[in-house]
Amino acid sequence: SHKPAAKHLDISLRTAGDIIEYCTRYLPLAIPVNVNQGTIRTVGLPEAFDGALGIARAMTYVDEVLRRGLNIDDFAHRIVFLMCATPQIFTEVARIRAVRKIWAQIVRDRYGAKNPRSWAMRLSLMPATYPLTPQEPWNNITRLTLQTLACVLSGTQAMYVPCYDEPIAIPTEESHRTSLRIQQIIAFESEAVNVADPLGGSYYVEYLTNELERQIQENIHQIEERGGTVKAIESGWLDNELEKASLQYRREIESGKRVLVGMNLFAIPSEQDRIIEVHRNPPESAQREIGRVTELKRIRDNQKVRETLGRLKDIAGRKDGTNLIPFIKEAVQSYATTGEIVGMINQAYGYPYDNFEMVPSPF
């Protein structure tokens with residue numbers, strides 16, 4: 001469910017703005033924001049809507065920071081996008097080409113950026129995990145190779161490759177090494193990395209780029225008609241669109257319209273499917289981490305923790321535009337935990353200390 005995020009949108013937008021503003025003023029080499037579309041795409045969101053939502057979310061961040069008095073050229077070149085690629089190489093390359101073009105136009109024409117660096121989209125791509133199947137998991141190596149190639153052909157600035165056992169457990173050393181080898185073989189044994197935009201000029205890719213650009217623009221217009229990303233979430237419209245996309249994706253798999261080899265086509269009997277070695281967490285690891293946190297809370301200066309968290313809560317509750325990052329840093333330096341810091345900000349905004357309302361406030 002996306003409803004908890006909607007409930008805390010005011011905090012999310014403020015802290016995102018605080019981080020971008022603080023990094024722009026004091027940390028010139030830091031990347032302050034990652035517009036993460038990776039988790040959204042996992043519901044099977046259509047390519048054009050996914051691209052539009054990423055741009056619309058980035059525009060929300062830009063609007064928030066400009067409201068604070070910064071110039072677009074001060075920070076636009078430091079916004080990074082994280083998106084996913086499926087094995088559909090041509091569609092993914094065309095989508096990324098279209099998204100880059102639209103973002104450049106928006107930053108230049110809508111926001112008036114003068115520096116060409118601001119127009120360029122800094123992009124981290126990763127193979128999508130939702131096409132991976134627990135059935136015949138070694139088939140996922142082929143899927144991941146195609147997806148990685150799509151990322152490279154799209155001109156990604158950074159990437160990481162999930163593992164073939166992703167639908168089952170966190171990686172083993174073997175599966176992690178396999179994903180690293182996929183990247184290395186493409187980088188050192190293919191010619192895919194030797195040229196920028198290698199599919200540019202292909203009649204099909206150029207047509208598909210133009211078509212996806214049109215669809216993405218239409219979807220951006222839909223979001224803006226509803227007041228932008230924040231209003232679209234608050235009204236429930238975006239939740240509804242994500243749920244419809246997820247349901248449609250599942251129906252396509254169940255009907256066979258969307259083929260997943262080894263799952264709904266060319267499937268073997270389950271008793272013939274070989275069981276792979278999977279990572280299993282040692283049962284004592286969770287208790288070890290709990291013990292470390294418990295010991296930290298025992299030996300730290302808890303009076304200082306209360307003072308720094310109290311200041312953070314007071315400043316957050318004023319909602320006067322004061323940047324919270326210096327006060328969060330002060331709390332961190334007193335060894336306050338992430339949960340305690342988030343809890344204080346939640347309370348300052350009138351929300352429960354714990355987002356899931358399971359842990360009472362210790363303060």
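The model is predicted: local features need pLDDT of at least 70, side-chain atom pairs count only at pLDDT 80 or more, and totals for chains, interfaces and linings use all residues. Residues are numbered from 1 along each chain as its sequence is written, and side-chain values use heavy atoms, with hydrogens and water left out. Helices (H or I, at least four residues) and strands (E, at least two) are DSSP runs, numbered from the N terminus.

**Nonpolar cores**

- A nonpolar core is a set of buried Ala, Val, Leu, Ile, Met, Phe, Trp, Tyr and Cys residues joined through side-chain atoms within 4.5 Å. Buried means under 20% relative accessible area, exposed over 50%, and partly exposed in between (1.4 Å probe, protein chains only).
- The largest nonpolar core has 51 residues. Those with the most contacts inside this core are Ile 55, Ile 72, Phe 75, Ile 79, Phe 81, Trp 103 and Ile 216.
- Helix H6 (residues 89-110) gives the most to this core, with ten residues.
- Apart from this core lies another, of 19 residues, and among them are Leu 309, Leu 312, Ile 315 and Ile 341.
- Contact means heavy atoms within 4.5 Å. Leaving aside neighbours within four places in sequence, Trp 103 is in contact with Ile 55, Ala 58, Met 59, Val 62, Ile 79, Phe 81, Ser 118, Trp 119, Ala 120 and Met 121.

**How the helix pairs are described**

- Two packed helices are described by the angle between their axes and the distance between the axes.
- Axes are lines fitted to C-alpha atoms, for helices over the stretch in contact, and angles run from 0 to 180 degrees between N-to-C directions.
- Angles under 35 degrees count as roughly parallel, over 145 as roughly antiparallel, 65 to 115 as roughly perpendicular and the rest as oblique.
- A crossing is left-handed if the near helix is turned anticlockwise from the far one by less than a right angle, and right-handed if clockwise.
- For residue classes, Ala, Val, Leu, Ile, Met, Phe, Trp, Tyr, Cys and Pro count as nonpolar, Asp, Glu, Lys and Arg as charged, and the others, Gly among them, as polar.

**H2 with H4**

- Helix H2 (residues 9-26) and helix H4 (residues 47-66) have axes that come within 9 Å and cross at roughly 65°. That makes H2 roughly perpendicular to H4.
- H2 passes H4 in a right-handed crossing.
- From H2, Leu 13, Ala 16, Gly 17 and Ile 20 meet Thr 60, Tyr 61, Glu 64 and Val 65 in H4. By class, this contact has five nonpolar, two polar and one charged residues.

**H6 with H8**

- The axes of H6 and helix H8 (residues 139-153) are 9 Å apart, and the two helices pack at an angle of about 30°. H6 and H8 are therefore roughly parallel to each other.
- The crossing of H6 past H8 is right-handed.
- Ile 89, Glu 92 and Val 93 of H6 make the contact with Leu 146, Leu 149, Ala 150 and Leu 153 of H8. By class, there are six nonpolar, no polar and one charged residues in this contact.

**H8 with H9**

- H8 also packs with H9, at an angle of about 45° and with the axes 10 Å apart. H8 and H9 are therefore oblique to each other.
- H8 passes H9 in a right-handed crossing.
- On the H8 side, the contact is made by Ile 141, Leu 144, Thr 145, Thr 148, Leu 149 and Val 152; on the H9 side, by Thr 178, Ile 182, Gln 183 and Ile 186. The residues comprise six nonpolar, four polar and no charged ones.

**Two threonines**

- Thr 145 is in helix H8 and counts as partly exposed, at 31% relative accessibility. Leaving aside neighbours within four places in sequence, Thr 145 is in contact with Ile 182 and Ile 186.
- Thr 156 lies in the loop between H8 and strand S4 (158-159) and counts as buried, at 18% relative accessibility. Leaving aside neighbours within four places in sequence, Thr 156 is in contact with Arg 100, Leu 123, Ser 124, Leu 125 and Cys 151.

**Positive phi in loops**

- Glu 136, in the loop between strand S3 (122-127) and H8, has phi near 45°, a positive value in a residue other than glycine.
- Asp 197, in the loop between helix H9 (173-189) and helix H10 (203-225), has a positive phi near 50°. At 35% relative accessibility, Asp 197 counts as partly exposed.
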